[in-house]
Amino acid sequence: MIQVAVNGYGTIGKRVADAVAAQPDMEVLGVAKTRPNYEARGAVDRGYDLYAAIEDRADRFAEEGIEIAGLVDELVAGADVVVDACPSGVGEANLELYAEHGVPALLQGGEDADAVDVSFNARANYEAAEGADAVRVVSCNTTGLARLVAPLEEAYGIEKVRATLVRRGGDPAQSGRGPINDILPNPVELPSHHGPDVNTIFPDLAIDTLGLKVPATLMHMHSVNVTLEAEPAADEVRELLAGEDRLFLIDGSYDIDGSGALKEFALDAGRPRGDLWENGIWADSVSMEGHDLYLFQAIHQESDVVPENVDAIRAVLGAAGREESMRTTDEALGVGAL
Ligand SMILES: NC(=O)c1ccc[n+]([C@@H]2O[C@H](COP(=O)([O-])OP(=O)(O)OC[C@H]3O[C@@H](n4cnc5c(N)ncnc54)[C@H](OP(=O)(O)O)[C@@H]3O)[C@@H](O)[C@H]2O)c1
């Protein structure tokens, strides 16, 4: 069994830990946090060994009656791989610790692409991560775009991608973020950083992205236009996208009119935390005008990178090929089973 350490047990870290625990070939060796808050209690309740991420603050866990298994250094020393899901910037600072122990590390999308050997999306460039010391699982938005681009590029060739990303202001628990009552062009300058980030996966892709931020917490929404080299019918494109497990085509008959209903649908489907690991593509929005494909897709920012992290673990360790890894991950979690 692959022994996985999760350093940083917040929005992404706790989901990755649960996804790892569900896999037939890996185990959660432990998780690390700096503070004894409700998430620390949740980790212990789930049976994960909890480690203190900052030595000077380790006593605080005992003061709150939370048992720890040791310090993060010990956790890393025993691991085959570390998933670092610390706040942006902390992951890069942690690379020294991982290198000291010779343990490969997966960072998240908030880190700089230059900090790692390779940026990763399972569908698009799985093989590039094999044997790397540091891999960055790209952000939620970049993951959503990469999953869409990969099959379109293979099937039809792509001349140009233009995507407008309507981004949630913060995650549901981030009470300090906004806007509360505004619509922000963000960033104002074009292109937004998302296009160049997609280029860390597809270096030759012509892509322009625009970003906005809105008072929403549930999901991001992408309005996408892809100029294809071929001119397929919309039905053919729909069929192609429906064949991808990590793309969920929302049938019109479901009457899902937005991210609120989509989140409710995921909760009703019994998804943990109401997570939608797949891109949610409105099937009726998939339209062709000449060479131009148009569609809307919802991206659940808290969870779409989770299966990608699981695949990145197998990829860096050379534990399985792309198709086998993605199939194993998806079957263990129920991705593509909506
Ligand atoms: N949320 C999203 O929408 C999203 C989507 C895709 C990618 N990402 C990326 O994923 C990364 C993590 O984001 P997140 O949203 O999961 O953040 P988060 O919810 O704030 O979780 C980060 C966790 O790390 C812990 N932490 C802080 N300093 C630490 C340290 N030095 N060592 C160990 N743990 C530490 C924090 O808790 P304590 O201080 O209590 O320990 C916190 O719970 C970022 O790079 C982000 O850009 C986020």
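User: Which residues have the most contacts inside the largest nonpolar core?
Analyst: Val4, Val31, Leu106, Phe120, Val135 and Ile313. That core has 46 residues. Keep in mind that this is a predicted model.

User: Which helix gives the largest share of this core?
Analyst: Helix 11, residues 306-317. Six residues of the core come from that helix.

User: Back to Val31. What does Val31 touch, not counting residues up to four places away in sequence?
Analyst: Leaving out residues up to four places away in sequence, Val31 touches Val6, Tyr9, Ala17, Ala43, Tyr48, Asp49, Leu50, Tyr51 and Leu75.

User: And how many residues are in the second core?
Analyst: The second core has 31 residues and is separate. Among them are Leu148, Ala163, Ala234 and Ile281.

User: Switching to the ligand. How many residues surround the ligand?
Analyst: There are 23. The closest are Thr11, Lys33, Thr34, Arg35 and Asp171.

User: How does that shell divide into nonpolar, polar and charged?
Analyst: Eight residues of the shell are nonpolar, 10 are polar and five are charged.

User: What is the distance from a ligand oxygen to the side chain of Lys33?
Analyst: An N or O atom in the Lys33 side chain sits 2.6 Å from an oxygen atom of the ligand.

User: What about backbone atoms, say Gly110 and Gln301?
Analyst: A polar backbone atom of Gly110 is 3.2 Å from a ligand oxygen. For Gln301, a backbone N or O atom lies 3.4 Å from an oxygen atom of the ligand.

User: How much of the ligand does the protein bury?
Analyst: The protein buries 83% of the 880 Å² that the ligand exposes when taken alone.

User: New topic: Thr227. Buried or exposed?
Analyst: Thr227 counts as buried because its relative accessibility is 11%, and the cut-off for buried is under 20%. Thr227 lies in strand 12, residues 220-228.

User: Which side chain makes a polar contact with the one of Thr227?
Analyst: That of Asp292, at 2.6 Å. Setting aside residues up to four places away in sequence, Thr227 also touches others, including Ile158, Glu159 and His291.

User: Last one. Where does Asp330 lie, and is it buried or exposed?
Analyst: Asp330 is in helix 12, residues 322-333. Asp330 has a relative accessible area of 5%, so it is buried.

User: Which residues does Asp330 touch, not counting those up to four places away in sequence?
Analyst: With those left out, Asp330 touches Asp245, Arg246, Pro307 and Val335.

Methods
Residues are numbered from 1 along each chain as its sequence is written. This is a predicted model: local features need pLDDT of at least 70, side-chain atom pairs count only at pLDDT 80 or more; totals for chains, interfaces and linings use all residues. Side-chain values use heavy atoms; hydrogens and water are left out. A residue is near a molecule or strand if one of its heavy atoms lies within 4 Å of it. A polar contact is a pair of N or O atoms within 3.5 Å; within protein, one must be able to donate a hydrogen and the other to accept it, and residues adjacent in sequence count only if both atoms are side-chain atoms. Accessible areas come from the Shrake-Rupley method with a 1.4 Å probe; for residues, only the protein chains shown count as cover. Ala, Val, Leu, Ile, Met, Phe, Trp, Tyr, Cys and Pro count as nonpolar, Asp, Glu, Lys and Arg as charged, and the others, Gly among them, as polar. A nonpolar core is a set of buried Ala, Val, Leu, Ile, Met, Phe, Trp, Tyr and Cys residues joined through side-chain atoms within 4.5 Å. Buried means under 20% relative accessible area, exposed over 50%, partly exposed in between (1.4 Å probe, protein chains only). Helices (H or I, at least four residues) and strands (E, at least two) are DSSP runs, numbered from the N terminus. Contact means heavy atoms within 4.5 Å.
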